[in-house]
Amino acid sequence: MAKKKVDETVLDRQENLAIDVMSMINKQFKDIPDKAAHFVFDDLTTDVTDWIDTGCPELNLAISNRPNGGFPVGRITEIYGATSSGKSLLASYAVKNTIEKGGIPIYFDTEFALNKEFWKVIGVDTKKAMSVTLDLLEDVFETMENIIAKVRATDKNKLITFVVDSIMGGTTKNESVSDFTKGGWNTEKSIVCSQAMRKLTPIISRHNICVILINQVRTNLGVTFGDDETTSGGKAIAFHSTVRIKLKSKGKNQGEINGIKTPVGIKVQAEIVKNKLGPPLRTVIYDIDFSRGINPYSG
């Protein structure tokens, strides 16, 4: 049987009705900077239009599923892993390449461990990089919001990159004044992070902002089967992150200095555990040289 031809006037009525509904929604929420409703085939306000180089070409490709990608602007990226796996180094490349793109990088150092010489090694222009030492997560997230308002008052399109190093190292107001017992079981940090993610995610998506949150892994006690690792700050960060990168050291690279064999770097495995911009679960292995940073030809 031949398929019944759809009356074109019916299609026109459906399209006009959809346009009317969309106009009604946008009129109702006219205070939103971008349109609240739009057709999917239009240019979406949530599309990622800019990327920040990670320092590793293969990792850029694994995240963005396209050449010249990297950390997505307008989204949240979480970098987590065990100690000495290159988390801070990877985020430092975001600082370096944000400056090269003419943007403003803000590095929140909750661990009070940032080394200026460390940045110089990988080529960060330290005269244009800003480090903020805050230990309270409430202050970190509030300062983010204030910086966005300050910059947007003069420049609506300026690229801003926020790095928080780290969520694990930050504390909360209640935790900072309590004693050293197990009271609260650190649920306060989860509540603060959850509220911050809900509040900041829509602001980040509309204002040309890249957010990179560094986290550490903990052993999830009581897990017999499956992954027994979890991250600090509850599940809100993992939920709101567009990209989650898990780093793991795969051993040290040996070299010779003055004829003596000595470690000159490490090999790192980066697994894209979560990715809303391309295929997830891709893995990249690259080298980190202690004297130069990430080797871009080793991936």
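**Figure 1. The largest pocket is lined by 10 polar, 7 charged and 4 nonpolar residues.** Here Ala, Val, Leu, Ile, Met, Phe, Trp, Tyr, Cys and Pro count as nonpolar, Asp, Glu, Lys and Arg as charged, and the others, Gly among them, as polar. What you're looking at is a predicted model, in which local features need pLDDT of at least 70 and side-chain atom pairs count only at pLDDT 80 or more, while totals for chains, interfaces and linings use all residues. Residues are numbered from 1 along each chain as its sequence is written, and side-chain values use heavy atoms, with hydrogens and water left out. The pocket holds about 600 Å³ of space, where a volume is the space filled by probe spheres set on grid points that are joined across faces, edges and corners. On a 1 Å grid over the protein atoms alone, a pocket is an open set of points with protein on both sides within 12 Å along at least five of seven lines, a cavity is a set where a 1.4 Å probe fits but cannot get out, and lining residues have an atom within 4 Å of a point. Of the 21 lining residues, Asn-220, Thr-230, Thr-231, Ser-232 and Gly-234 lie nearest the centre. Helix H7 (187–206) and strands S7, S8 (229–231) and S9 each put in at least two residues; helices (H or I, at least four residues) and strands (E, at least two) are DSSP runs, numbered from the N terminus.

**Figure 2. Strand S3 is largely enclosed by the rest of the structure, because 6 of its 6 residues (76–81) are buried.** Buried means under 20% relative accessible area, exposed means over 50%, and partly exposed is in between (1.4 Å probe, protein chains only). In a regular strand, side chains alternate between the two faces of the sheet. Ile-76, Glu-78 and Tyr-80 point one way, Thr-77, Ile-79 and Gly-81 point the other, and all are buried. How many bridges link S3 to S7, and in which sense? There are 6 between S3 and S7 (residues 209–219), and the two strands run parallel; strands pair if DSSP finds at least two bridges between them. Ile-79 partners Ile-214, and Tyr-80 sits opposite Asn-215. S3 also runs parallel to S9 (residues 243–257), with 5 bridges; there, Thr-77 faces Val-243.

**Figure 3. Strand S7 also pairs with S6 and S8.** S6 (160–165) runs parallel to S7 over 6 bridges, and Val-164 has Leu-213 as its partner. S8, by contrast, is antiparallel to S7, with 3 bridges; Thr-219 stands opposite Glu-229 in this pair.

**Figure 4. The lining of the largest cavity is 8 nonpolar residues, with no polar and no charged ones.** The structure holds 1 cavity of 30 Å³ or more, and the volume of the largest is about 30 Å³. Around it sit Ile-76, Phe-141, Met-144, Met-197, Leu-200, Ile-204, Val-211 and Leu-213. Helix H5 (137–152), H7 and S7 are the elements that give two or more of these residues. Which element gives the most to the lining? That's H7, with 3 residues.

**Figure 5. Five buried residues of helix H2 pack against several other elements.** Within H2 (residues 57–64), Leu-59, Asn-60, Ala-62, Ile-63 and Ser-64 are buried. The elements they pack against include helix H3 (87–100), S9, S10 (260–275) and S11 (283–289), where contact means heavy atoms within 4.5 Å.

Figure 6. Most residues other than glycine have a negative phi, and most peptide bonds are trans. Is Asn-68 buried or exposed? Its relative accessible area is 73%, so Asn-68 is exposed.
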